[in-house]
Amino acid sequence: MIRRSVYFLITLTLLFSCKGRQRDDLSVPGAELDRGEIKISVQAMQEIIENVSSPIEMASLVKELGVPFSNNYLSKLDDLDSHSTSFNMAITLGILGADLGYLNVYEKTGTSVNYLSSINKLSDGLKISQFFDFNNLKRLATSNGNLDSLMFLSVHSFNQMDNYLRETDRSNLSALMIAGIWIEGMFLTTQVASERTDEKLSDFIGEQKTTLNNLIVILKNYGRDKQFSDLIVDFEEIKSEFDHVKISYIMGEPMAVEKDGMLTVVQQETSIVEISRDTLQGIINSTLKVRNKYLMM
């Protein structure tokens with residue numbers, strides 16, 4: 001099936017925290033926070049970020065298909081106090097962020113507040129809560145018709161956090177949060193795909209092949225860490241299923257767009273995704289296995 005490829009900024013709807021409010025019940029020693037090994041160039045990281053589909057994009061696609069809201073697609077908010085390492089906190093922060101995007105699209109404001117509280121707890125533990133305007137983001141998350149503003153402020157918050165983590169040699173945490181968002185978003189879309197057949201959804205899943213390849217490249221920069229090497233092995237298990245997906249591209253006309261106050265030329269393209277039902281089922285199974293493993297860390 002042919003579909004138009006669109007570039008999305010990742011919207012870390014997850015990263016809400018209370019300014020100035022610190023918690024003592026969840027924290028990570030300084031040594032745990034300083035385990036970044038190799039600095040990744042700004043250009044490389046930004047390119048990965050801009051091509052990871054946001055939780056809101058994934059949830060919106062599911063909602064457009066007429067799929068009703070289900071708590072079964074959400075992670076549980078239990079045992080956060082057991083997350084004693086920066087690795088566990090960062091990847092869980094990403095997972096909860098994808099869940100929050102799903103909740104916001106379906107306007108489940110009551111449940112969203114619970115996830116905001118857990119996200120705040122994790123961000124405090126990672127010492128990054130100072131970069132998020134909790135009051136405004138919470139207001140947008142719990143009101144209707146403000147998704148565009150929520151996306152904008154979330155991206156801005158992520159950029160601040162990412163810059164700070166990079167300056168303090170902790171870009172490994174940023175990579176983990178992106179990995180968490182991706183695996184939870186994939187879990188949502190693949191679970192829906194397991195219950196209904198839809199070409200648009202199958203193509204969307206198939207297009208994640210490129211994103212996963214890029215994520216693995218980023219994660220391999222930290223492969224000397226045992227937890228990262230294990231994560232890479234798990235992601236490569238999913239990748240082995242994606243290897244059967246074929247993607248080809250037809251180049252279209254370039255388009256001028258404004259970005260950060262500057263005129264940028266973006267090359268439009270149409271992608272052709274070939275994914276069999278057996279391949280899709282393999283992706284569904286491996287995604288479920290890996291997602292549940294890290295949810296139960």
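Tutor: We can go from the overall fold to the aromatic rings, then to some helices and single residues.

Student: Okay, what kind of model is it, and how are residues numbered?

Tutor: This is a predicted model, in which local features need pLDDT of at least 70 and side-chain atom pairs count only at pLDDT 80 or more, while totals for chains, interfaces and linings use all residues. Residues are numbered from 1 along each chain as its sequence is written, and side-chain values use heavy atoms, with hydrogens and water left out.

Student: How many helices and strands does the protein chain have?

Tutor: The protein chain has 11 helices and three strands, where helices (H or I, at least four residues) and strands (E, at least two) are DSSP runs numbered from the N terminus. Along the sequence, their order reads β-α-α-α-α-α-α-α-α-α-α-β-β-α.

Student: And what share of the residues count as buried?

Tutor: Of the 297 residues in the protein chain, 52% count as buried. Here buried means under 20% relative accessible area, exposed means over 50%, and partly exposed is in between, with a 1.4 Å probe and protein chains only.

Student: Let's switch to the aromatics. How many aromatic pairs are there?

Tutor: The count comes to seven aromatic pairs. Rings of Phe, Tyr and Trp (its six-membered ring) pair if their centres lie within 6.5 Å, and planes under 30 degrees apart count as stacked, over 60 as edge-to-face and the rest as tilted. One of the pairs is Phe87 with Phe228, which is edge-to-face, with 5.5 Å centre to centre and 85 degrees between the planes.

Student: Where do Phe87 and Phe228 sit in the chain?

Tutor: Phe87 is in helix α4 (residues 86-105) and Phe228 is in helix α10 (residues 226-242), so this pair links distant parts of the chain, 141 residues apart. Phe87 is buried, with a relative accessible area of 5%, and Phe228 counts as buried too, at 3% relative accessibility.

Student: What about Trp182 and Phe235, why is that pair called tilted?

Tutor: The ring centres of Trp182 and Phe235 are 5.7 Å apart and their planes stand at 45 degrees, so the pair is tilted. Trp182 lies in helix α8 (residues 171-195) and Phe235 in helix α10, so the pair ties together parts that are 53 residues apart in sequence. Both Trp182 and Phe235 are buried.

Student: Which residues form the aromatic cluster?

Tutor: Phe69, Tyr73, Tyr102 and Tyr106 form one aromatic cluster. The charged end of Lys63 sits over the ring of Tyr106, 5.5 Å from its centre, where sitting over a ring requires NZ of Lys or CZ of Arg within 6 Å of the ring centre and within 35 degrees of the ring normal. Elsewhere, Arg291 lies over the face of Phe187, at 3.7 Å from the ring centre.

Student: New topic: why is helix α3 described as largely enclosed?

Tutor: Seven of the 10 residues of helix α3 (residues 55-64) are buried, so α3 is largely enclosed by the rest of the structure. Among the buried ones are Pro55, Ile56 and Glu57. Just after α3, Gly66 takes a positive phi of about 80 degrees.

Student: And how many residues of α4 are buried?

Tutor: In α4, 20 of its 20 residues are buried. At 1.5 Å a residue, the 20 residues of α4 should span 28 Å, and its end C-alpha atoms are 29 Å apart, which agrees; the expected span is 1.5 Å times one less than the number of residues.
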